[in-house]
Amino acid sequence: MKIQAIKGFADILPGDVERWQFVEQKARAVFALYNFSEIRIPIVEKTELFSRSLGDTTDIVEKEMYTFADQDAKGSLLTLRPEGTAGVVRAYVEAELYQTEPVRRLFYFGPMFRRERPQKGRLRQFYQIGAEALGRGDPYVDAEILLLLSDFFSGVSLDGVTLELNSLGCVQCRPRYRKDLLDFLRERAKKLCPNCQRRMERNPLRVLDCKEESCIEATRDAPSILDYLCQDCKEHFDTVQQLLRDSGLDYQLNARMVRGLDYYCRTTFEWTSNRLGSQNAVAAGGRYDGLVEDLGGPPTPGVGFALGMERLVLLLGMKETPKASRPHLYVAWVGKAARGWAFPVIHRLRQRGISVEMEGDEKSLKSQMRRADKLGARVVLIMGDDELKSGKAILRHMETNEQVEVGLQGIEEALLAKKAGD
Ligand code: HAM
């Protein structure tokens, strides 16, 4: 019986993976321009890291985490990371990265895990490209993060995405909003879905994010967080918007965007596409000025984003696929002596930077030529007993069909020179 992958867990096969590599390469280039360094963090963390940072009443912590007992520490739980920010901040605090450099700009690539209902653009293991800028609380860095993303989208030729922007205020101004929103919701509690009725008291803002038609309808006239911002939050948000306008980056305000994680404050954002169906956010993030301190570090502001690779690749998939990797040289051989001669030569060529493909079993010359064509090899070296005897072989240029005779003595130099000349 065949064993299949788990529901919501997908393979990224050759043919698709080239697009992933293309995206990653473009991301690395943009991160370098904005002076971000890569960080690699573990996939498994203590469960409390996520419950403390993302919040106990969030969907992720309530029902979506892959959690299991730590066999090495009785009573402790471990979790497959559902996102990257918490782990990055944990690492930042643990390694005291703030000691050597007050401002850290970090980026990461990798798989995240959430037990959500799989659907188009929603997996249980999905990949994010994320970035976190730690140590700066000014609005310039918020705008910079958004411009970085916009530059990245241009770099991969993604269009048709909309930037939605909001501010969630801070510990000074949000409680007053929370209270007024809760009063508003209590009056309409009966009209809310059971899930919102249940969590409304503990996390009223999440009700604004509910996708149920009844909740959308009931909260249509809900108070707007943007009317409650304190002077500092208002100035911060106004500056972010001014910077975006000055840089020519379009955005839409969306006061109902509350995000699914509790660590956010002030600027929050989502980049959405109407070509993704209901899972329409391709990237999202915002500011989290209290998180470093909550996780035991010194007061340190932070802002960041994560983008969903599968969703981005889905959107890019509607365009031309980048070319799969192809060998430079294909060695077509006839007779075991030719294969024996070719094997070490091929190894030396690979060591010198030439990609080579050769069959292991003897096949007709015709089928080998077909295979070289299919693989997209640029040149084919044809080798047999006669060639070994005469010390000369045929090199065929696949694009032009031009054939030249080459001496086997010094063949490596000749191939290297030919490649350099291409
Ligand atoms: P998030 O909004 O939970 O934020 O996820 C960011 C992005 O990851 C989403 O916009 C989406 O593209 C992708 N994503 C999320 N869940 C799934 C899924 N089940 N399947 C496929 N793609 C998914 C965060 O994770 C924050 N850590 C972002 C952040 C960084 N905020 C500040 N810094």
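The model is predicted, so to speak of local features a pLDDT of at least 70 is needed, side-chain atom pairs count only at pLDDT 80 or more, and totals for chains, interfaces and linings use all residues. Residues are numbered from 1 along each chain as its sequence is written, and side-chain values use heavy atoms, with hydrogens and water left out.

**Around the ligand**

- The ligand has 26 residues around it, and E83, E116, E132, R259 and Y264 come nearest; a residue belongs here if one of its heavy atoms lies within 4 Å of the ligand.
- By class, this shell holds twelve nonpolar, seven polar and seven charged residues. Ala, Val, Leu, Ile, Met, Phe, Trp, Tyr, Cys and Pro count as nonpolar, Asp, Glu, Lys and Arg as charged, and the others, Gly among them, as polar.
- Y264 has a polar side-chain atom 2.6 Å from a nitrogen atom of the ligand.
- For Y263, a polar side-chain atom lies 3.0 Å from a ligand nitrogen atom.
- Q128 places a polar side-chain atom 3.0 Å from an oxygen atom of the ligand.
- Taken alone, the ligand exposes 650 Å², and the protein buries 95% of that (areas come from the Shrake-Rupley method with a 1.4 Å probe).
- Two or more residues of the shell come from each of β6 (125-134), β10 (281-287) and β11 (302-308). Strands are DSSP runs of E with at least two residues, while helices are runs of H or I with at least four, numbered from the N terminus.
- β10 gives the most to the shell, with six residues.

**Helices α1 and α12**

- The axes of α1 (residues 17-33) and α12 (residues 309-316) come within 10 Å and cross at roughly 110°. Axes are lines fitted to C-alpha atoms over the stretch in contact, and angles run from 0 to 180 degrees between N-to-C directions.
- These two helices are therefore roughly perpendicular to each other (65 to 115 degrees).
- R19, W20, V23 and E24 of α1 make the contact with M309, E310, L312, V313 and L316 of α12 (heavy atoms within 4.5 Å).
- The contact residues divide into six nonpolar, no polar and three charged.

**Helices α2 and α4**

- α2 (residues 47-54) and α4 (residues 85-94) pack at an angle of about 105°, with their axes 10 Å apart.
- That makes α2 roughly perpendicular to α4.
- L49, F50 and S53 in α2 meet A86, G87 and R90 in α4.

Technical notes: Parallel < 35°, antiparallel > 145°, perpendicular 65-115°, else oblique. Polar contact = N/O pair within 3.5 Å; in protein donor to acceptor, adjacent residues only side chain to side chain.
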